[in-house]
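Subject: Structure handover

Hi,

Here is the structure I promised to pass on. Please load it first, then read my notes below.

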Amino acid sequence: MLFSIIKNRIEQGYRTSKYPNEEIKLPERFKGKPEINSNCEQKIAELCASNCPQDAIDPKEKTIHLGKCVFCGLCEELSNGSFIKFSNDFELAVTDPEQLIYDGMIEKLEIHAKKHFKKLFGRSLQLRQVSAGGCNACEADLNVLNTPFFDLSRFGIQFVASPRHADGIIVTGPVTRNMKKALLKTYEAIPDPKIVIASGSCAISGGPFRGNPEQLNGVDGILKVDLYIPGCPPHPLTTLHALLTFFK
Amino acid sequence: MDNKLLKINNGQKIKLADIPHFSFDEFYEEILSLALNDYYIVHYFAYEDKGKIRLVAVLRRKNWLFVGISDTPEKYPALTCKCTKFHMFEREIAEQFAIKPVGHPWLKSVRYHANYLGKEDIFGNDYSEDIPGRYEYYSVEGEEIHEVAVGPVHAGIIEPGHFRFNCAGEKVLHLEIQLGYQHRGIEKQILNANKKQLPVIIESIAGDTAVANSLCFSEAVEALANIQVGMEAKKIRGLALELERIANHIGDLGALSGDIAFLPPASYYGRIRGEFLNMLLAICGNRFGKGLIRPGGIRFSITDKQKEEFVNRIKKLKSEIVHIGDMLFNQAGVLGRFESTGIVGTEIAQQLGLVGPAARASGILYDARYDLPAGVYQEIPLKVVTEHTGDVMARALVRYNEALQSLDIVETLLTELENNNSYKHTEFELEPDNFVVTVHEGWRGELSHCIITDSKGDILRYKIKDPSFHNWMGLAIAMRNEDISDFPLCNKSFNLSYCGFDL
Ligand code: SF4
């Protein structure tokens with residue numbers, strides 16, 4: 001028995017990534033930060049906008065709402081890359097909801113990271129996760145941060161069981177009516193000062209459920225959000241980058 | 001035994017007018033007697049058509065589906081009293097369409113929302129109150145009895161649900177599982193949604209089942225819109241579904257091991273799960289396969305280079321999975337916790353109508369890929385994996401052996417790919433006054449979608465059934481007379497869907 005434990009240990013080796021000290025390249029088809037060609041033909045921009053399942057594109061201004069977009073890539077497909085092209089860059093998080101309306105530029109998150117947050121939480125950050133109607137993709141890709149490859153706890157960041165032990169919440173899902181109260185109660189149970197992170201298209205804007213009366217179109221309506229992490233779901237590296245840049 | 005319903009195939013388009021229409025009494029007798037014999041319920045739901053409410057039942061037996069429609073009374077004697085398989089379905093119908101199954105042994109709202117018709121609420125709930133949970137819980141009385149309430153917010157990063165244990169000391173006498181916190185009203189939303197939104201909504205029913213859901217949706221739309229799909233696309237769809245299965249089975253085996261504090265497999269399988277998600281990422285740009293499958297085909301093909309790389313990766317991962325499996329299933333401490341824990345016997349599993357690995361672990365020989373094959377599964381020889389002990393061990397073994405089988409399927413499919421997929425984004429028109437039901441074996445079991453169109457070709461009713469709809473009750477039964485400390489283990493061995501159930 002012991003023999004097989006040792007054998008497996010040797011076979012598995014050491015798997016933790018060197019990120020952020022070494023860059024990681026995601027596969028070509030990964031859809032990260034879009035590149036927008038604002039000189040593209042109006043007709044094409046309009047075609048993309050009218051077909052976008054999330055109505056995330058403004059064809060006049062030539063912008064994408066990153067909080068509504070689910071990164072399906074249809075706009076890239078329809079414009080054949082001439083209007084929108086998704087890059088591999090996974091650094092998508094923003095602090096200001098205005099910045100979600102994206103015209104090809106995101107200000108570096110570093111600029112917006114508040115000093116006092118860094119001072120308070122830089123060495124140890126404890127987060128309580130609340131799923132409020134999430135489809136389990138966001139939840140699963142947060143959970144993954146605890147696996148050996150990402151190994152979140154090496155940065156002093158942990159997901160905790162009790163809100164009383166937490167410095168903030170990270171919310172997934174559009175906030176269903178049936179979870180509103182539990183979400184607010186969890187938030188109230190966290191000692192001040194506390195932070196709120198909205199993870200994924202649903203938590204930011206309601207995602208595919210936007211406008212549906214059983215949900216609240218995201219966290220914004222009931223709590224002040226400090227950090228928005230776009231994606232459907234956000235890639236674990238998008239989240240890791242956001243947490244490290246904002247708090248470390 | 002013979003029956004009066006219409007015999008149909010998985011994914012077959014049927015004119016509504018061709019479906020036999022019964023008086024309620026006849027319908028009642030028929031579906032009850034079938035369900036008491038060896039027919040299982042795939043769907044039992046209501047819909048509204050020109051102001052009339054109708055009931056639809058889709059039953060299955062061996063390789064066939066059977067469908068019938070009936071008029072609807074305002075109330076009727078509950079089928080559940082005579083056949084447990086109807087338990088959740090009747091509660092759902094009561095909640096959605098205010099039809100009362102009189103004498104139902106536990107008539108309580110399923111997801112906590114007002115009914116679709118604006119009628120008086122059957123459960124007496126006031127939905128201006130935010131919280132689901134202002135209702136009674138099943139309780140046990142006695143001096144030594146205490147209740148443990150857990151949730152909706154749980155300790156880890158998981159979805160919300162409420163678990164109410166009635167215990168004598170450490171022993172669980174009864175567990176009631178109350179869900180509905182994730183309810184987004186998807187079935188209702190679909191009726192008002194723009195067609196272009198549908199694929200994205202469908203992929204967000206349950207993220208860990210995004211592939212299976214979009215497969216059921218796309219095949220249903222293809223049937224109603226008369227769209228043919230090429231073999232290459234079918235293969236890649238099957239491949240994606242198997243990758244989804246492997247990732248979830250392997251991840252859960254790791255989590256099971258973690259729950260009993262045997263950490264090496266938890267770390268290794270946790271990491272290996274990601275390798276399969278990363279294959280989906282490489283194929284379509286999303287780790288859960290979102291955006292891959294659309295009515296008409298698949299949006300991405302697999303390049304020759306990817307093909308070769310995946311085959312090599314799968315070979316290597318397979319041997320790692322087997323090595324870790326050998327370590328896991330031979331460890332005395334693991335056997336001590338897995339064996340004889342959370343037993344669901346064959347007979348109870350049949351009575352409840354369990355599906356998927358949970359059913360197969362209790363000796364039920366049903367796998368939709370084998371019994372009701374669609375798409376590429378019509379070409380794949382499959383051996384249905386079963387166990388007989390119905391405990392955590394059996395569920396773990398079924399999932400382990402299925403993952404291994406799926407690895408072989410993926411390898412075969414990969415080597416057969418010809419890289420001649422063509423896809424173009426198209427809009428679809430559904431045929432009016434038609435009906436279709438699609439079934440796939442998702443990793444949790446039988447997943448099924450059903451679409452009914454109206455005279456204009458708009459969707460009149462979209463019904464989704466996640467396997468968890470059958471299986472949550474199985475978990476509750478598995479916990480009876482177990483120590484409460486075994487709950488995480490039992491729970492993980494089922495690993496059911498909250499959002500898939502809540503819709
Ligand atoms: S990628 Fe985003 S913006 Fe483009 S079509 Fe999809 S949802 Fe719309």
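Among contacts in chain A between residues at least 6 apart in sequence, what percentage join residues at least 24 apart? The figure is 76%. For chain B, the corresponding share is 67%. Keep in mind that this is a predicted model.

**The two chains**

Chain A has nine helices and ten strands. Its C-alpha atoms occupy a box of roughly 65 × 45 × 35 Å along the principal axes. Of its 248 residues, 60% are buried.

Chain B has 503 residues, of which 65% count as buried. Its secondary structure comes to 16 helices and 16 strands. The C-alpha trace spans about 65 × 60 × 45 Å along the principal axes.

**The annotated domain in chain B**

The UniProt record (an unreviewed entry) places "domain: NADH-quinone oxidoreductase subunit D" at residues 259–422 and 432–497 of chain B. The annotation may be inferred rather than shown by experiment. Residues 259–422 are 60% helix and 2% strand. The end C-alpha atoms of that span are 45 Å apart. Residues 432–497 are 29% helix and 38% strand. Their end C-alpha atoms lie 33 Å apart.

**A sheet in chain B**

Four strands of chain B form an open sheet in the order S2-S14-S15-S16, with antiparallel pairing. The edge strands are S2 and S16 (459–465), and each pairs on one side only.

Strand S14 covers residues 434–442 of chain B. Its pairing with S2 (residues 14–15) runs over two bridges. There, B:Lys15 stands opposite B:Asn434. Its pairing with S15 (residues 445–453) runs over eight bridges. Opposite B:His440 is B:Leu447, and opposite B:Val439 is B:Ser448. S14(B) and S15(B) make a hairpin, with two residues between them.

Are the residues of S14(B) buried or exposed? Nine of nine are buried. In a regular strand, side chains alternate between the two faces of the sheet. B:Asn434, B:Val436, B:Thr438, B:His440 and B:Gly442 point one way from S14(B). B:Phe435, B:Val437, B:Val439 and B:Glu441 point the other way. Both sets are buried.

**A buried arginine**

Which side chain of opposite charge is nearest to B:Arg273? The answer is A:Asp141, at 5.4 Å. A salt bridge needs a side-chain nitrogen of Lys or Arg within 4 Å of a carboxyl oxygen of Asp or Glu. B:Arg273 has no salt bridge, yet this residue is buried.

B:Arg273 lies in helix H7 (residues 263–284) of chain B. Neighbours within four places in sequence aside, its contacts in chain A are A:Ala140 and A:Val144. In chain B, B:Arg273 is in contact with B:Ala247, B:Ile250, B:Gly251 and B:Phe288.

Best regards

Methods:
Residues are numbered from 1 along each chain as its sequence is written. Chains are lettered from A and ligands numbered from 1 in the order in which they are written. This is a predicted model: local features need pLDDT of at least 70, side-chain atom pairs count only at pLDDT 80 or more; totals for chains, interfaces and linings use all residues. Side-chain values use heavy atoms; hydrogens and water are left out. Buried means under 20% relative accessible area, exposed over 50%, partly exposed in between (1.4 Å probe, protein chains only). Lys and Arg count as positive and Asp and Glu as negative; His and the chain ends are not counted. Contact means heavy atoms within 4.5 Å. Two strands pair if DSSP finds at least two bridges between them.
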